[in-house]
Amino acid sequence: MSSFLFLTTLLTYFKTNKNATIYDSIERISMQSSIKQGLENYISYFQNLSVDTVDNLDELVVNDVRFVDHFQDVTGVEEMKYVLMKVFEDVPTPLFEINDYAVGQTNIGYIKWSFLFTGKKKEWRFRGMSEVHFTQDGKIKLHIDHWDSISQLYQKIPGVGSIIQFLKKKVGA
């Protein structure tokens, strides 16, 4: 971290935390640095994810990591690895694109992503955001995916899509 960035972060911390000591702020900056590094490592993991690299998840998460999305809610590193391996079984040529990311103020990182794959008749793209919670040493303890499954998936399924369109018109969406 550059000296300028360190001082700017330190001053911002003191402005927002009137009772903070210099030790509190240095500890917070150090923790944010380890979270940023953990987030960047996690992003790299997903950008390079393949059947051969799934097992590398152990290095990035705690043993009782929790993973939540629209399809599952699992706890444990082995369970999360199973979910990732299942993606490669169910989806031909999956690809995770990372569009942006940020480190929050409370041990949380945010990743804006696109998930792409080619189905039988067309290419699919889902866009979403992951909320990633960290331990103080920069390991992931919780990963929650947020994305609009109605407009990006269910609405495009024949039969289901027309029902969703009907319901949207009924409620005035």
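Helices (H or I, at least four residues) and strands (E, at least two residues) are taken as DSSP runs and numbered from the N terminus. In this predicted model, the elements run α-α-β-β-α-β-β-β-β-α-α from the N terminus on. The protein therefore has five helices and six strands under that assignment. Of its 173 residues, 38% count as buried. Among contacts between residues at least 6 apart in sequence, 44% join residues at least 24 apart.

**Largest pocket**

- The largest pocket has a volume of about 600 Å³.
- Its lining comprises 25 residues, of which Asp69, Phe71, Gln72, Val87 and Phe115 are the closest to the pocket centre.
- By residue class, the lining of the largest pocket divides into 18 nonpolar, three polar and four charged residues.
- Two helices, H2 (22–47) and H3 (77–90), each supply at least two residues of this lining.
- Strands S3 (95–103), S4 (108–118), S5 (123–134) and S6 (140–147) likewise each supply at least two lining residues.
- Helix H3 provides the largest share of the lining, six residues.

**Lys81 in helix H3**

- Lys81 lies in helix H3, the element with the largest share of the pocket lining.
- Lys81 has a relative accessible area of 6% and is therefore classed as buried, the cut-off being under 20%.
- The side chain of Lys81 makes a polar contact of 3.1 Å with the side chain of Asp58.
- Leaving aside neighbours within four places in sequence, Lys81 is in contact with Val54, Asp55, Leu57 and Asp58.

**Strand S6 and its partners**

- Strand S6 is mostly covered, with six of its eight residues buried.
- Strand S1 (residues 61–68) pairs with S6 in the parallel sense over four bridges.
- Strands S5 and S6 pair in the antiparallel sense over seven bridges.
- Leu142 in S6 is also the bridge partner of His133.
- The hairpin of S5 and S6 has five residues between the strands, and in this hairpin Gly138 takes a positive phi near 90°.

**Lys141 in strand S6**

- Lys141 is found in strand S6.
- The relative accessibility of Lys141 is 41%, so this residue counts as partly exposed; that class lies between the limits of 20% and 50%.
- Not counting residues up to four places away in sequence, Lys141 touches Val62, Asp64, Val65, Arg66, His133, Phe134 and Thr135.
- Lys141 and Val77 are 64 residues apart in sequence, and their C-alpha atoms are 9.7 Å apart in space.

**Strands S1 and S2**

- Strand S1 is joined to strand S2 (residues 73–75) by three bridges, and the two strands run antiparallel.
- A hairpin connects S1 to S2 through four residues.
- Val68 stands opposite Asp73 in S2.

Notes:
Residues are numbered from 1 along each chain as its sequence is written. This is a predicted model: local features need pLDDT of at least 70, side-chain atom pairs count only at pLDDT 80 or more; totals for chains, interfaces and linings use all residues. Side-chain values use heavy atoms; hydrogens and water are left out. On a 1 Å grid over the protein atoms alone, a cavity is a set of points where a 1.4 Å probe fits but cannot get out, and a pocket is an open set with protein on both sides within 12 Å along at least five of seven lines; lining residues have an atom within 4 Å of a point. Grid points are joined across faces, edges and corners, and a volume is the space filled by probe spheres set on the points. Ala, Val, Leu, Ile, Met, Phe, Trp, Tyr, Cys and Pro count as nonpolar, Asp, Glu, Lys and Arg as charged, and the others, Gly among them, as polar. Buried means under 20% relative accessible area, exposed over 50%, partly exposed in between (1.4 Å probe, protein chains only). A polar contact is a pair of N or O atoms within 3.5 Å; within protein, one must be able to donate a hydrogen and the other to accept it, and residues adjacent in sequence count only if both atoms are side-chain atoms. Contact means heavy atoms within 4.5 Å. Two strands pair if DSSP finds at least two bridges between them.
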